[in-house]
Amino acid sequence: MLADWRRHKSVIAMATVIALSEAKLGARPIDERLAADLRVTPTPDRDQLALALIREIHAAIEAPVLTANRNRSFDAGDFVERNHFLDLVQKLSRAGAREDVFDALIARIGPAIKCLSERVNALARDHLQAIVRRDLSFVPQPCLALNPTMVWALAPDLQNHADRATILVRRRQALELYGALHLVLREPAITDIIDAGAPLIPALTSRLGISVAHLRRLHHARALSQSLTAHRDCAAAIGELKAHAIPIAEWPEGKGWETTPWTAAHDSALIRPDYIDGSTEVRDALTAFRQDILQPVAAERAKQLKVDSLSPIGRFLHSFAVPVELSGSNERQCFLSGVANALLGSRQARSFREAVTQWHRRAACAAALRHEQAANRPGWPPCCKPWRSADGRFEIVPLASAQDLVDEGNALSHCVGGYYDACRSGSTQILSLREAGERAATIELVVNDCNRSLHIEVGQFKARCNGRPERRHFDALRLFIADLKRGSHSIDQAALIRHRREMRQSGDYVWHRGPLPMSHAERAWPLYRALVPRGAPQSLREWIEETGLGESIDPMLRAIAGHIEGTRDESL
């Protein structure tokens, strides 16, 4: 039946694809150019449709060398579809073609499309690798795409330029020496200097704002192959080194740039990243410090300065990231210096990490206070009223808030703050046993459902530093439990059941999205004195004044506010 449609353009296109899939195809680079010499045997000298497809094949082979990130493979099926394949199918269908006709059509053209497509894509990969080996002395992984740095190094836009060979040598030399700055090298102004053979060092030091001695630290920091394939360069790391005022003796050097944590630094880093160096403990401590202390302090300073809470200010208060135009400003350097002085002092990385380990013993308490401040339903119902022994010597007081847990943990030097989540859910009650008004031990009551009532049993019972309580304290606990069982000291089962049901059904909603208030920072401050340098004042506000932290925040806030106004004026 297809014989009746042999003059249809789609049938001719399919015949062309089939013929070329069986032809001999070869391609090789032309001299010093990026073009490919494509040879097809036999050559269809007069077949216009075949010549059009050959031109497409030729372009597909050369395309990966001429443009960056072109990762679209050649598909001969596109050629068939563009030549009215759907029209042919519709006409065959209307003419009453049986299903076996379409099966035969697909069986004939499908393998040809696959064969031709694979052969052309293989030629494109081979051509790309041949060009890169020839012009860059580098063997890339087999692919159908070059990244922007490799395209820059090949200079396809200059392939007809008389000086292209010289320019390629200059660009390669620049990459071999300063490949760690490959993104900077690709900037038009720097590229012009490289191509002209003008002195590069003054241009780079001026562009980066560093000295020749600093630039020398980047000599041969990356091999040519790394420079050609890397996605990032070290320019951002240099900006962060400058912002944190790191002396040149502590800058990475040579191959050290490949492993330094400075290459992963960003504009919201509160402390120098080599103090963090991938440590999850340090990151957790910094996150908590930012939320509990630094954000409330900065938010209060913003109010005192009457700075509008526009988006860049809000972003700064949230993550301490600054507008890119201010990332290298004196104000940001002042801010980072103030944070370093307040949080690190003169300590080296090892000493600071030891302080982080000490602080982590109180991390659960800090998290409990933070959650309590953010929740719209703080605390939980106590299981009963305070109990007192008959002689008045002992008292057992239920704890019903995060602050209660923190105060108990501070007084007895244990980690009861870690029970906050269990208390919030209603599965645990924590009570404080006191003797003559002094905290003596902490009681855990485990709460479980039992039909339509609750079953409560004693869990842990700990004294100071998680030690074993005295015998008299055990006696007081037994008296308390006996009164609960007799009902002479009643448990508020209705309140506990209602709270547990609400927590299961609706969860623990959080409403506070902005910086926490200074009142929260002042409550949390005692938990952070282990993190900051020794000898920090007992008062948060004294610490802020003594370290100059507030005075370092103010210029940054003013600079961001001024940047907002300047941007607004430009838009007008």
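Helices (H or I, at least four residues) and strands (E, at least two) are DSSP runs, numbered from the N terminus. The model is a predicted one, in which local features need pLDDT of at least 70 and side-chain atom pairs count only at pLDDT 80 or more, while totals for chains, interfaces and linings use all residues. Residues are numbered from 1 along each chain as its sequence is written, and side-chain values use heavy atoms, with hydrogens and water left out.

**Local backbone features**

- Pro42 is placed in the loop between strand S2 (36-41) and helix H2 (48-66).
- The peptide bond that leads from Thr41 to Pro42 is cis, its omega being near 0°.
- Asp31 belongs to the loop between strand S1 (24-29) and S2, and its phi is near 45°, a positive value in a residue other than glycine.
- With a relative accessible area of 63%, Asp31 is exposed; buried means under 20% relative accessible area, exposed over 50%, and partly exposed in between (1.4 Å probe, protein chains only).
- Ala155 also has a positive phi, near 50°, and sits in the loop between helix H6 (148-154) and helix H7 (164-178).
- Ala155 is buried, as its relative accessible area is 0%.
- Most residues other than glycine have a negative phi, and most peptide bonds are trans.

**Packing of H14 and H23**

- Helix H14 (residues 280-304) packs against helix H23 (residues 518-528) at an angle of about 140°, and their axes are 9 Å apart. Axes are lines fitted to C-alpha atoms, for helices over the stretch in contact, and angles run from 0 to 180 degrees between N-to-C directions.
- H14 is therefore oblique to H23; angles under 35 degrees count as roughly parallel, over 145 as roughly antiparallel, 65 to 115 as roughly perpendicular and the rest as oblique.
- H14 and H23 cross in a left-handed manner, a term for a near helix turned anticlockwise from the far one by less than a right angle, clockwise being right-handed.
- On H14, the residues in contact include Ala288, Phe289 and Asp292, and on H23 they include Met518, His520 and Trp525. Contact means heavy atoms within 4.5 Å.
- The contact of H14 with H23 comprises 10 nonpolar, 1 polar and 2 charged residues. Ala, Val, Leu, Ile, Met, Phe, Trp, Tyr, Cys and Pro count as nonpolar, Asp, Glu, Lys and Arg as charged, and the others, Gly among them, as polar.

**Packing of H18 and H19**

- The axes of helix H18 (residues 363-374) and helix H19 (residues 402-412) come within 8 Å and cross at roughly 160°, so the two are roughly antiparallel.
- Cys365, Ala368, Leu369 and Glu372 of H18 meet Ala402, Gln403 and Val406 of H19.

**Nonpolar cores**

- The largest nonpolar core holds 64 residues, and Phe335, Phe352, Tyr528 and Trp543 have the most contacts inside it. Such a core is a set of buried Ala, Val, Leu, Ile, Met, Phe, Trp, Tyr and Cys residues joined through side-chain atoms within 4.5 Å.
- H14 contributes the most to this core, with 10 residues.
- A second, separate core has 42 residues, among them Ile190, Ile194, Leu215 and Leu218.

**Arg301**

- Arg301 lies in helix H14 and counts as buried at 19% relative accessibility.
- Neighbours within four places in sequence aside, Arg301 contacts Gly550, Glu551, Ile553, Asp554 and Leu557.
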